[in-house]
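Me: Hi! Could you walk me through this structure in simple words? I'd like to begin with the aromatic rings.

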Amino acid sequence: FTQLYPDLIDRYATADEMLKHVGSHIHEEVITLYPDASPPKVAAFQEGQILVVEYGSHRPLAYIALGLIRGCLLHYGDRRRLEWNAVESLKSARFEIMADGVERP
């Protein structure tokens, strides 16, 4: 993504900013370019000190989402830990990004 869409990636200063705009901004651009596309639903929001990213798709691509989130954190030099749970079909997952020492509520 950084090589194919550097102007898009450069709009965001942090991993949080990028992840919070995937569903509302980036996937809207995908639909503009490819009207028949059916991108996954992605929502990112804060729960206390944890950034939660919820992923849902009609395709079983939760592992792809995991890799993209890991890549996003790496790109922005974000060293927080990433935990995730996916449903068995891999069509949806919940990702939690938190600093070391932060526990789930």
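This is a predicted model: local features need pLDDT of at least 70, side-chain atom pairs count only at pLDDT 80 or more; totals for chains, interfaces and linings use all residues.

Me: Is W84 buried, exposed or partly exposed, and what about Y63?

Reply: W84 counts as partly exposed because its relative accessibility is 23%, and the band for that label lies between 20% and 50%. Y63 is exposed, because its relative accessible area is 53%.

Me: And which residue does W84 stack with?

Reply: W84 forms a stacked pair with F95, 5.5 Å centre to centre and 5° between the planes. This pair also links distant parts of the chain: W84 is in strand 3 and F95 in strand 4 (residues 92-98), 11 residues apart.

Me: Why does F95 count as buried?

Reply: F95 counts as buried because its relative accessibility is 0%, and buried means under 20%. Put together, Y63, W84 and F95 form one aromatic cluster.

Me: Nice. Switching to helix 3, how many residues does it have?

Reply: Helix 3 has 14 residues. From its first C-alpha to its last it reaches 20 Å, close to the 20 Å expected at 1.5 Å a residue.

Me: Which of the residues in helix 3 are buried?

Reply: They are A62, A65, L66, I69, C72 and L73. Looking down the axis of helix 3, these buried residues fall within an arc of 125°, so they line one face of the helix.

Me: What's on the face turned away from that buried side?

Reply: That face carries the exposed residues Y63, I64, R70 and L74.

Me: And what comes just after helix 3?

Reply: G77 is there, with a positive phi of about 70°.

Me: One last topic: which residues form the nonpolar patch on the surface?

Reply: F1, L4, Y5, L61, I64 and L68 do, with about 620 Å² of accessible area together. I64 is also one of the exposed residues of helix 3.

Me: Where is L61, then?

Reply: L61 is in the loop between strand 2 (50-56) and helix 3 (62-75). L61 is partly exposed, because its relative accessible area is 34%.

Definitions and conventions. Residues are numbered from 1 along each chain as its sequence is written. Side-chain values use heavy atoms; hydrogens and water are left out. Patches are made of residues with over 30% relative accessible area and no salt bridge: like charges are joined within 9 Å, nonpolar side chains (Val, Leu, Ile, Met, Phe, Trp, Tyr) within 5 Å. Accessible areas come from the Shrake-Rupley method with a 1.4 Å probe; for residues, only the protein chains shown count as cover. A salt bridge is a side-chain nitrogen of Lys or Arg within 4 Å of a carboxyl oxygen of Asp or Glu. Helices (H or I, at least four residues) and strands (E, at least two) are DSSP runs, numbered from the N terminus. Buried means under 20% relative accessible area, exposed over 50%, partly exposed in between (1.4 Å probe, protein chains only). Rings of Phe, Tyr and Trp (its six-membered ring) pair if their centres lie within 6.5 Å; planes under 30 degrees apart count as stacked, over 60 as edge-to-face and the rest as tilted. The expected span of a helix is 1.5 Å times one less than its number of residues. The arc is that of the directions from the helix axis to the C-beta atoms.
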